[in-house]
Amino acid sequence: MRKRDRDKFQGRLLEMRKEILHLIRQDIQEGREGEAGEGRDTYDIASDERDREINLLLGDRERKKLQSIDDALRRIETGEYGECEECGGEIVSGRLEAMPFTRLCVTCQDEAEQTQRWQVLMARDLERMPSEDVAPALALTRAVDGPALAAWQARLLVRARAVAASSVE
């Protein structure tokens, strides 16, 4: 990656970091200011509690984003910025423009998301599968790699759905 591009992304990451830290500080300050309890009814208190819960969830997301930004800044320092952590290939500039703290190229990100979706579907379907079918099915998925694994996983998913459908009837 050219120095000019690296400097541009570093500046953008530092600006994003600054904005997130400002939001976190602002949330903390608002939380402290909202502590006064006089003259407030249960609806106000419940509403404030709901808002605080949402802010905690958003705060967690912001903290994770902040961690990703810090990791990207470290990769800039080590010269690894713009390289996919999975395949080692170059992350295209357009992807870095859209999400400068990304760790994966488009292909590897798609594969990671596909694997995650499959795991969610399998977990749901395996809950319905008779227990005597679960262990052999899982053993099959652990015994293979790469494209063969994807094929076994697809077959297992079909089997899991068929078993679940037949147990409902």
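Glutamate 80 counts as partly exposed at 42% relative accessibility, a class that lies between buried (under 20% relative accessible area) and exposed (over 50%), as found with a 1.4 Å probe on protein chains only. The model is a predicted one, in which local features need pLDDT of at least 70 and side-chain atom pairs count only at pLDDT 80 or more, while totals for chains, interfaces and linings use all residues. Residues are numbered from 1 along each chain as its sequence is written, and side-chain values use heavy atoms, with hydrogens and water left out.

Glutamate 80 lies in the loop between H2 and H3, where helices are DSSP runs of H or I with at least four residues, strands are runs of E with at least two, and numbering starts from the N terminus. The side chain of glutamate 80 makes a polar contact with the side chain of threonine 78, at 3.5 Å. Such a contact is a pair of N or O atoms within 3.5 Å; within protein, one atom must be able to donate a hydrogen and the other to accept it, and residues adjacent in sequence count only if both atoms are side-chain atoms.

## The chain as a whole

The secondary structure of the protein chain comes to six helices and zero strands. Of its 169 residues, 24% count as buried. The accessible surface of the chain is about 12,000 Å², and 53% of that belongs to carbon and sulfur atoms, with areas taken from the Shrake-Rupley method with a 1.4 Å probe and, for residues, only the protein chains shown counted as cover. Among contacts between residues at least 6 apart in sequence, 60% join residues at least 24 apart, a contact being heavy atoms within 4.5 Å.

## The core and tyrosine 81

The largest nonpolar core has 18 residues, and those with the most contacts inside it are Leu13, Ile69, Tyr81, Cys84 and Phe101. Helix H1 (3-33) and helix H2 (42-78) are the elements that give two or more residues to this core. A core of this kind is a set of buried Ala, Val, Leu, Ile, Met, Phe, Trp, Tyr and Cys residues joined through side-chain atoms within 4.5 Å.

Tyrosine 81 is, like glutamate 80, found in the loop between H2 and H3. Leaving aside neighbours within four places in sequence, tyrosine 81 is in contact with residues including Met1, Phe9, Leu13, Arg75 and Pro100. A polar atom of the tyrosine 81 side chain lies 2.5 Å from the backbone oxygen of proline 100.

The count of aromatic pairs comes to one. Its rings, those of phenylalanine 9 and tyrosine 81, have centres 5.7 Å apart and planes at 50 degrees, so the pair is tilted. Rings of Phe, Tyr and Trp (its six-membered ring) pair if their centres lie within 6.5 Å, with planes under 30 degrees apart counted as stacked, over 60 as edge-to-face and the rest as tilted. Because phenylalanine 9 lies in helix H1 and tyrosine 81 in the loop between H2 and helix H3 (93-98), the pair ties together parts that are 72 residues apart in sequence. The charged end of lysine 8 sits over the ring of phenylalanine 9, 4.9 Å from its centre; this requires NZ of Lys or CZ of Arg within 6 Å of the ring centre and within 35 degrees of the ring normal.

## Buried residues

Arginine 75 is found in helix H2 and, beyond four places in sequence, touches residues among them Glu80, Tyr81 and Phe101. Valine 163 lies in helix H6 (residues 146-168).

| Residue | Relative accessible area | Class |
|---|---|---|
| Phenylalanine 9 | 2% | buried |
| Valine 163 | 5% | buried |
| Arginine 75 | 6% | buried |
| Tyrosine 81 | 6% | buried |

The C-alpha atoms of valine 163 and arginine 128, 35 residues apart along the chain, are separated by 7.8 Å.
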